[in-house]
Amino acid sequence: MRLGARRRTAAAVAVAVIGGLLGGAGTAHGATAQPQEPGSPAGTAQDPKDTAATPSVWPRPQSLRARGEAVRLGDEVTLVADPSADPYAVELVEELLRESGVRTLHTRLPGRGPVVHLGGGDALSALRALRAPERTDLPSGGYRLAVGRVADRDTVALDGVGEDGLFHGVQTLRQLVDGGTVAGVVVRDWPGTAVRGTTEGFYGRPWDREQRLAQLDFMGRTKQNRYLYAPGDDPFRQTRWRDPYPAAQRAELRELAERARRNHVTLAWAVAPAQSMCLADEADVKALTRKVDAMWALGFRAFQLQFQDVSYSEWHCSKDADTFGSGPRAAAEAHARVAGEVARHLAERHPGAELSVMPTEFYQEGTTDYRRALADRLDGTVRVAWTGVGVVPRTITGRELAGARDAFGHPLVTMDNYPVNDYAQDRLFLGPYTGREPAVATGSAALLANAMEQATASRVPLFTAADYAWNPKGYRPEQSWQAALDDLAGGDAGAREALRALAGNDASSILDPDDESAYLRPLLDEFWRSRTTADTGARDRAAAALRAAFTVMRRAPERLAGTADGRLVPEVRPWLDQLARYGKAGELAVDMLQAQGRGDGEAAWRASLALEPLRTDVAASRATVGKGVLTPFLDRAVKESRAWTGADQASAGRPGQDVVRLARPRPLTAVTAMTAPANGSPRSAESAGRLEVHVPGEGWRRLGPLSAGGWTQADAAGLRVDAVRVTTGGGDSPAVRSLVPWFADEPAAGLDLVRETTSAEIGGGPQRADVRLTAQRPGEVRGTLTAKAPAGIKVTVPKQTTVPRGVRTTVPVEVTVPKDTPAGEYRVPLSFAGQERTLTVRAFPPTGGGDLTREAGATASSSGDETTDFPAAAAIDGDTGTRWSSPAGPSAWWQVELARPARVGQVTLHWQDAYATRYRIQVSADGKVWRTAATVTDGRGGRESVRMDAQGARFVRVQGDERATEFGYSLFSVEAYAVVEGGE
Ligand SMILES: [Ca+2]
C-alpha cells in the first residue's frame, strides 16, 4: 500500500516534471515582471546596490538606511522591555548583548550605558527622536528599528506590530551587531507574504527530532512563520490517520511545538485520509475531527486536508458512491463536504485555526469540472493549495497565480516543490530559488517551499526562498544564495569555500537547468582558452586558479566536518564524496595537461595513470554532481591528453597490443610508448624492456630502453619501417597501453577553417575569420600561415605561427574589403605546412541609418504566434524583454512590412533559446512574390547579423528551415538596415 502510494506519486511527479520543462520553455527565463503590489505599505525597497554601504541583513529588509552614529555597547547596557514585549524576543536580546561582551544588564531607567528599548511608549518616543519613518499602516509582523543618540545617550529602539513584529526586529538587530557595536541604521520592514515557510513533505526517511528542532531555529532566524508537517512516509497522517501517534512521537511533537513557539513559527499538520476513508460517513468524519483535536492538543494550529492521490472512479465505501456518484465533480463535492465539516469543527472548537485543502487537481492550468465544483462548494474560510502550473514548474507567473485563484475561487496556498528531490534521488538541489514573479508571493495567502530529505543542506535553497517570500521585489537570487552559504558556514571561511563548491556544483534544477557549476565555468573556460595561445604566463595562471578550485572540492569533506554541528556531512555524504573525487581528478587532469605543456611526458603519464581509477569511481557513483560540467571537463582533458601523446591517432596500437604493423614501409620521426608500471610500481630499468622498429630487409632494430616510469619516446630519425614493437627485458611483460608511430611523410599540422565563409562590409573594418591548426608531430610545429588574397581583398595573418604539441591552436586571420572593391564573393586560399583550405569572403555594401523596422508604419506579422503573449510585433517593439514565438514546427516565418521600400543590406536577429540552425532572409516588393536575399546554414542563435544586398524590399521575412530545439522559433528582435547609397 505504502509502496503503491509512493509509486503513484513518483509517477505523477515524473509526468509533471516533463510538463514543467515544457511549460518553462515557453516563458523567458528569469523574466520577472514586477507589478506594483496592491495595498502595499508605503516605503521604498532597499536598493540592492546600497548593500555595500550598509550591513547585510537577511531576509533583505524592505527599507534599511544608514543613518546616525553606530552604538558601542561596552560593559553595561540598560535593556528596557515593555511588559507586553514577547518574552522570546527579550530573551534573544539579552543573549545577544551578553555574547557582545556586555557584563552588566540594567533593566530599569536610568540604568547605565547605552539603552535598548523593546516595544512600548519609550521605544516609540525614541524612534520618533531618531527620526524613524512613521508606523502608519505597517502590517502584522512588521517592525521599526533605529540606532543613534537620543538626549545625549546611545540608544537602540525597536518596536514591532502584531505578535511577531518585535521578534522579527530582534532577528534584524542580531545581524546589525558586529564586534560589540550596533550599526547606525534606521529600518522599517515588514513581511511581503503573510504566511511563509517550509513543508516537510518528501517521500523518504522523515526528519528526526534534532533535524526538526534545528530547522525551527533556522526558520526563526530567517523570519519564516509556518512549518507544514507532511512527511510522505508518516503512516499516522495517511493509512493510519485514525490512530493517535505513539506516546514517544507525541512527546517529540510537543517538544516541536514548544520550539516552534519560541521561534514564532506556526505548526501545521497535513492529513491524507482519502485512501481509507468513507467520506460520506459521519463516524469517519468524526474520527478525523478527533485526530485534528489530538493534533491541536499537541500544539498544531493549522491543518491541511490532502486529496492529491485520489482516483475519480474509486471510492472506499458504497455509501460514497451512493452519496456523490462518480467522476471529478463527485470527488470535488466529497472533498468540499469533508473540508466543510472540519472547518465547522475548527471554528467551534478552535477559533483562529486555519484550514487548507490540497485538491486532486493541484497543478493543472485553468478551470476544470473538478475545480469548478470545488470552488462552488468549498467553505469560504478554507484555502486551496496548488504548486504552480506543473508539479515542479520552472517558473510561476503572477498571471498563472491569478488564473488559479479564479479557477479555485479561494485564497491560495502556494506549495512550491523546490528544493524537494524525492523524484530525483541522485540529486541535491542547492541552487537559489528562482523564476517566481514577485506577484506570486504577494498574491498567495501562504507560500511554502518543500524541503529535501537532507534537512541541513535544504537550508541553502530555503534561506533564499525565505528571503524571496519576505521581500519579493527586493529579492536577488545570487546575493541571497551567497548569504545562505555564509549562514550555513557560520563564519568559518574554509567551510564557506567548501560549501560554495558543494552548492555551486549542485545548483542546477528544473528551476534553472543551466546554473550548474556557475562559479567554476569561467575558470574552466579560461583554462581551455589560455591553452590555445602562446602566452605561457596566462596558461600557468589559469591552470593554478582552476587547480585551486579543484583542491577546494577535494578538501570539502574535511572542511565541512563541523558545519551545522556536524549535521551536514552525514546527510550529503554521497555528493560530498563525489565532489572530492572530482576535485582530486580535476587536480590530476590539470597536472597532466600542464606537464604536457612543458614537455614533461613522464609526469603527465603518471598523472594520467592516477586519473584512470578516479574516473572509474566517479562514473560508478550514484550521486550526480556538477552535471554537464565536471565529467565533460575530465573527458575533454583526457581527449586533449591523448592528442598530445598520440594515443588518439588511427595508427596507434590499442591497450595490450605490443606490436603495431604498418600497411607499407613509412619514414618515422619518433615512436612513443606508454606502459603501465607493474603492480602499480615503476619497474626497474633492466626489466622494463625495449622499444624496437622493424626495417624491411634488415630486421628488428633497437631504438632504446623503455623508461621505468612507463613513458618512453624515442627518436627514429626518418628511418623507413614497417612495424614497431615493445619487447620484454626478461622481467614481467610490460602492460602496453599505447604504442604510437609518428610519421615523417604526413603534413606537420592539420588545418581547418572555423567558418568557411565570412561577410565583410566594403570599406568597413577588419573581420575575423580564424583558422585552427593541429600539430601532427611529437613536438611543436613552427611555420607560416600564408594567404593568397585576390585583388580587392586584404588579408592579414601572423608572421610566424607556433602550434604546440597536441593542442588545437586558433590563428587569427583578418579580412578587410577596401572601399572601391565591387560587391561579390571572393576566394582566399590559406595554407600552412603543405595543407590548404579556401575561405570565401562575401563583400557587401555598407549599411547605415536607423533600424527600418522601428520607423512609424512598419508592421510585423507571422505564419502563427505560439500564444497571444508572444505576438509578431514583439520583435520590433524595441523592448529587449518581449519576443515573438512560433508554435512548434520547422517552417514558421516572421515578417515585417517596412514603411517604405528599401535597399536592405543587413538584418540583425536576436534569438531566444529557441533559434534556427538554418533559415533564409527573404524579401518582397508586394508581399506576394518573394526572393531569397541570404541563406544561413550554420545559425548559432544569440545575436546574428546577416548581410545581403536586396533592392526594392518592402517586405523582409525570416523563413525558418531547421530548428535548434524541439520548440518553434523565438525572436526578441529583428532589425533591418539600408545600404548606404554611393557608399561602395
Ligand atoms: Ca522585443
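Biologist: Which residues of α14 meet A495, R496, L499, R500 and A503 in α15?
Modeller: This is a predicted model, and in it A495, R496, L499, R500 and A503 are the α15 side of the contact. Across from them, α14 brings in L485, D486, L488 and A489.

Biologist: How are α14 and α15 set against each other: parallel, antiparallel, perpendicular or oblique?
Modeller: Helix α14 covers residues 477-489 and helix α15 covers residues 493-504, with axes 9 Å apart. They pack at an angle of about 130 degrees. Angles over 145 degrees would count as roughly antiparallel and 65 to 115 as roughly perpendicular, so the word for α14 and α15 is oblique.

Biologist: Which residue stands opposite S924 in β42?
Modeller: Strand β41 (residues 916-924) runs antiparallel to β42 (residues 930-936), and six bridges join them. Their hairpin has five residues between the strands, and there G927 takes a positive phi near 80 degrees. Opposite S924 you'll find W930.

Biologist: How far apart are the centres of domain 5 and domain 6?
Modeller: Domain 5 takes in 749-844 and domain 6 takes in 847-979. Taken over C-alpha atoms, their centres are separated by 31 Å.

Biologist: What does UniProt list for residues 194-473?
Modeller: That span is 41% helix and 14% strand, and its end C-alpha atoms lie 15 Å apart. The name comes from an unreviewed UniProt entry, which gives "domain: GH84".

Key
Residues numbered from 1 in each chain as written. Predicted model: local features only at pLDDT ≥ 70, side-chain atom pairs only at ≥ 80, totals over all residues. Pairing = 2+ DSSP bridges. Helix = DSSP H or I, 4+ residues; strand = E, 2+ residues; numbered from the N terminus. UniProt positions renumbered as here; feature names shortened; annotations may be inferred. Domains from an automatic or database assignment. Axes fitted to C-alpha atoms, helices over the stretch in contact; angles between N-to-C directions. Parallel < 35°, antiparallel > 145°, perpendicular 65-115°, else oblique. Contact = placed C-beta atoms within 7 Å.
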